[in-house]
Every structure is written in C-alpha cells, then in structure tokens.
Amino acid sequence: MEGSSRTLRLYNTLTRTIEPVYPLERNRLRLYACGPTVYTYAHIGNFRSFLTADLIVRVAQALGWQTIYVCNITDVGHLTVDDYADATGEDKLERALRAEEGRRFPNIWDLARYYTQAFLDDWRALKLLEPDVRPRATEHIRQQILAIEQLVETGHAYETRQGVYFHVPSFPDYGKLSGNRDPEQLAQAVRDVVKDPEKRDPRDFALWKKDEKHLMQWYSPWGWGFPGWHIECSVMSMEYLGTTFDLHLGGEDLIFPHHECEIAQAESLTGKPLARYWVHTRFLLVEGEKMSKSKGNFFTVRELILPPEAGGQGIDPMALRYALISGKYREPLNFTRKHLRDSVRIVQRYQEAARRVEAALQHSRPGPDRIGDRLSAIYDKTLEALCDDLNTPVALAAALEGVKLILGFGDQLNRASAQSARHWLERIDALLGFVYAPERPCSHARREKDPFVEKVERLLAERDAARRARDFARADAIREQLQQMGIEVMDTPEGTRWRRKVLV
Ligand SMILES: Nc1ncnc2c1ncn2[C@@H]1O[C@H](COP(=O)(O)OP(=O)(O)OP(=O)(O)O)[C@@H](O)[C@H]1O
Ligand SMILES: [Zn+2]
C-alpha cells in the first residue's frame, strides 16, 4: 500500500490544533461536506470549499484508504438571514423564484432541480470526485421529522404556535465548536431577528417552521410546514455515515451557527460525538471581501469557463481548478485576474509535458529510464506536503519541479523515461486533479462533446485541408476566425495544436 506510513494531519476546528487523522475504522475515512443551497448557480468561492473535501479524499486514497464521501444538496429553501442560529427573513428559493417572474420555472421544484443540475455540471467540469452519496434534503423529510419528534420526546425540543425549537440550555456543550459560549452574546446574535415570543430561550433555534403558505411544505405531527436548515445535515450525515464519523467539512461561515447546531441536535439524539474532526475552509475573497451569492460579487464557474461565443471567458476549467487550490485552505485567498492568468500558464506547462510524453511514447527511442527515480521522489514530496494540513502551495511547487524536469528533456525523452513520466503525471493527476481534462467533460449543454470544441476541431480540419490545397488565403482566414474565438493555433512538427487564449 503506497505511502501508508504517512499520516494525514489536519487542523481540527473543534480542538483548535493540527492533529493526525486516524479514521475510526482502520483505513476507511468517512466524511461529510455540507453542500450548496440550490437557488442559483454556485460560485467559485463555494467550489473552493468543495475542493478542500475533494483534495482530502484524493490524499486519503493515495494513502491507500477507502473513503465514504457524502455531500448533500440543500434543496429546501432556508432563510436569507442565516448568520443567526434561528434564521429568519425570506426563503432563498422562494425569493429566487419570484425574481424569475415565471420566465423560466413554473414552480419551486423545477427551480431547485435546474440549479441542482447546473451545480453537478460545474462539479464535473472542475473534475471534483463524485461523492458516494449525494443526499437531497427534500428526500429525507421523514427522517428529519422522526429526529425532531425524538428531540421533543427527550426534552431537547419543544413546540410553540409557530414551530418546534431546539432548546439550547438542554445541551451544555453548545458553543464547543465555535467558542461562542457566552449566553449574553448568543442572545444578542438572535435578539433582533427572532419573532416568536413563545421561545423559551433567545438562543433556541428552529427545527420545524409551521407555515401553510410556504411553497415547499410537508405534513408533520405539528401540521404543515418545513424543516430548519441545520437538522437536515445532522440527519443525512448520520444516515449514511453512522452516528459518529471522521470528518465534517464546510466553509468557515458554517462553524456558527450551522455546525454548532448540527452538533447540538445530533449529540442530543445519540449521546455520541457527531464528527471527530471539523475542517473549515477560509473564504475566497474578491477585493478583500467574501465572495458571496448574496453580495453579488461573485464569479460562477460557467462564466469563466464557457467559450467567448457563449458569453464566457474561455478559461480552461483545469486552470480554474488550479487557481482555486493554489492557496492554503486555511488562509483566505484573494481571487485576481493575474492569479488566474498564472494558473492558466502553469496548467499549460503540464499539458505540454503530457503532449511531449505521448509523442515520445510514439517514437520508441531506446535507452534507460533517466527520470523515474527523481519523479518518484517529487511525488513523495508532493504527497507529504498535502499530508501536512493540505499545504497546497508547497505541494504545487514540488509538483512543478517534475514538470520542469520532463520539459527539460525537450524532444529527447526516451521510451522508458516517457513511461515513467506518464505514470508520474497520472499519479499527480489522481492527487491534484488538473493535469488531464475530465474524461467526461461537461458541456453545460447536456451533450457529451462540448460544441465549442467540436467547432474548433472542424475549423482546424478545414484549415488543414486549405493548406494542403495551397489555399493560404483561406487557411489564414480560418486562423483569424479561430483567433477571434479566443483560440491560439500553433503549427508544430507533430501537427497543428490549439489552446484557449487567456481572455482576462
Ligand atoms: N467565498 C467563499 N469561499 C469559500 N467557501 C465559501 C464561500 N462562500 C460560501 N462558501 C461555502 O460554500 C458552501 C456552500 O454554501 P452555500 O451554497 O450555502 O452558499 P451560501 O453561503 O448560501 O452563499 P453565499 O455565498 O451567499 O454566502 C459552504 O460550505 C459555504 O461555507
Ligand atoms: Zn450542512
């Protein structure tokens, strides 16, 4: 088993220290990442958080562990003011539906379905690994109701005319994750927003909201209504991973209230710790501010990666992936155009190395492997950096040395060295995920082949034909057309190559 003597070390928000991760079950890591609320397109900040989970799964697999990875879809609209434990405000899905004014979606279910699919498209485009389970909140309402009933029966929750609340004083450990322990402060956090005078404690948060007008509603022992946001994750994580599992992940804004409330509910139900390690990704920032759907200062994956003719910026999705993992997950990352441009260039070097390796394998030049040992040491260094609390800057710098080594051979790679180089590129790709384009690239148009790529390939074939017929005016015109589409054409001894130009 490769590298099994290594230990993955991660910062645990619960203990506020970097700890070695020992899975509860030997060599099998069970993890849950809080998924998106599907009321609009996810932005690249959201994906920064999902990429942390993705890298952890990849590292775990490189260590020879099995993984059971769950990432949910929040398709019940939770409320707009969710910085508070007991959220209020407008339902995010309902607000999005109203804003559409019936142009695209006839009802709230269609809206949630559409953005769920859009999210999955983006996920695949950035080559995130598929979770083993992707539970949807709307498909687990019964389990949520049962959990709430049990909390009421055991005195951890109570009903009012407006809903059912978790009673915070019934769980003395409330605050252990976020450090928010001071009751005065916690009360302050909800004072302005809570409208239910029957709540027993200002810190109490909703498990069920009674609402006969809510567009998504279910029948419960407390009448028509819908569940609170926090209960869905407690219930779905335990359903698929057991009452105690290894890692629970999310962005830093989820520490409080979401994860704090998840712990209170789950641990009151089972008397056991919910997750052993809590891992939080710091924000992706734009001009120093959190990139956020609600602030509107965001980039979606699709607007960056779609071709210019479809209104996008034509960025290679693998370069976007690179940009998003290039900062340490535990430090805020400022997203800039320069940063993206640099990532495009680096990923192009990987792609160039992969092309040269494939060309060398065609030529079968004889000779001993002159590169394998050095690449293997570089792989170990890369994995070691990732094991060190996902130190991606160090890991990426190490891996780049390997690319330089391959490129340094120019056209002189012999077959044995090329085989080692290909093996290395594949292992680095398994670890970091940006070397090769996804096998099933997402077209965002529900087709297997990206229509833009199809068009580029057709034009290149026409250009080749024109050149063969010595119709250089036509060949130049096609090159010009490709250029306007953001495509750079390179004529090399191995044939015509193309790449997307950076348009930012
Ligand atoms: N700027 C960001 N950088 C990193 N992670 C983020 C960022 N914004 C949200 N996240 C994380 O993305 C995941 C999905 O979040 P969700 O869909 O609930 O977004 P949100 O927080 O509702 O949207 P908003 O961006 O308006 O705050 C969560 O783990 C959340 O913490
Ligand atoms: Zn969650």
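Visitor: Why does Asn12 count as buried?

Guide: In this predicted model, Asn12 has a relative accessibility of 0%. Buried means under 20%, so Asn12 counts as buried.

Visitor: Where is Asn12 found, and with which residues is Asn12 in contact?

Guide: Asn12 is found in strand E1, residues 9-12. Leaving aside neighbours within four places in sequence, Asn12 is in contact with Thr17, Glu19, Arg276, Tyr277 and Trp278. The C-alpha atoms of Asn12 and His248 are separated by 9.8 Å, although these residues are 236 apart along the chain.

Visitor: Why do Cys233 and His258 count as buried?

Guide: Cys233 has 0% relative accessibility, and His258 likewise has 0%. Buried means under 20%, so Cys233 is classed as buried, and so is His258.

Visitor: How do you know that Cys71 is in no disulfide?

Guide: The nearest cysteine sulfur to Cys71 is that of Cys34, 8.1 Å away. A disulfide needs cysteine sulfur atoms within 2.5 Å, so Cys71 is in no disulfide. By this rule the count for the structure comes to 0 disulfides. Cys71 is buried, with a relative accessible area of 0%.

Visitor: Why is the pair of Tyr114 and Tyr115 called edge-to-face?

Guide: The ring centres of Tyr114 and Tyr115 are 5.0 Å apart, and their planes stand at 85°. Rings pair if their centres lie within 6.5 Å, and planes over 60 degrees apart count as edge-to-face; therefore the pair is edge-to-face.

Visitor: Are Tyr114 and Tyr115 buried or partly exposed?

Guide: Tyr114 has 26% relative accessibility, so Tyr114 counts as partly exposed. Tyr115 has 4%, so Tyr115 counts as buried.

Visitor: Which residues do ring pairs link into a cluster with Tyr114 and Tyr115?

Guide: Tyr41 and Phe105 belong to that cluster. The structure holds 21 aromatic pairs. One of them is Tyr41 with Tyr114, an edge-to-face pair at 6.2 Å centre to centre and 65° between the planes. Tyr41 is in the loop between strand E3 (28-33) and helix H1 (44-62), whereas Tyr114 is in helix H3 (residues 108-125), 73 residues apart.

Visitor: Why does Lys293 count as buried?

Guide: Its relative accessibility is 17%. The limit is under 20%, so Lys293 counts as buried. Lys293 lies in the loop between strand E15 (289-290) and helix H8 (301-305). Among the residues that Lys293 touches, not counting those up to four places away in sequence, are Tyr41, His43 and Phe298. UniProt, in an unreviewed entry, lists Lys293 for "binding site".

How values were computed. Residues are numbered from 1 along each chain as its sequence is written. Chains are lettered from A and ligands numbered from 1 in the order in which they are written. This is a predicted model: local features need pLDDT of at least 70, side-chain atom pairs count only at pLDDT 80 or more; totals for chains, interfaces and linings use all residues. Side-chain values use heavy atoms; hydrogens and water are left out. Buried means under 20% relative accessible area, exposed over 50%, partly exposed in between (1.4 Å probe, protein chains only). Rings of Phe, Tyr and Trp (its six-membered ring) pair if their centres lie within 6.5 Å; planes under 30 degrees apart count as stacked, over 60 as edge-to-face and the rest as tilted. Helices (H or I, at least four residues) and strands (E, at least two) are DSSP runs, numbered from the N terminus. UniProt positions are given in the numbering used here, feature names are shortened, and annotations may be inferred rather than shown by experiment. Contact means heavy atoms within 4.5 Å.
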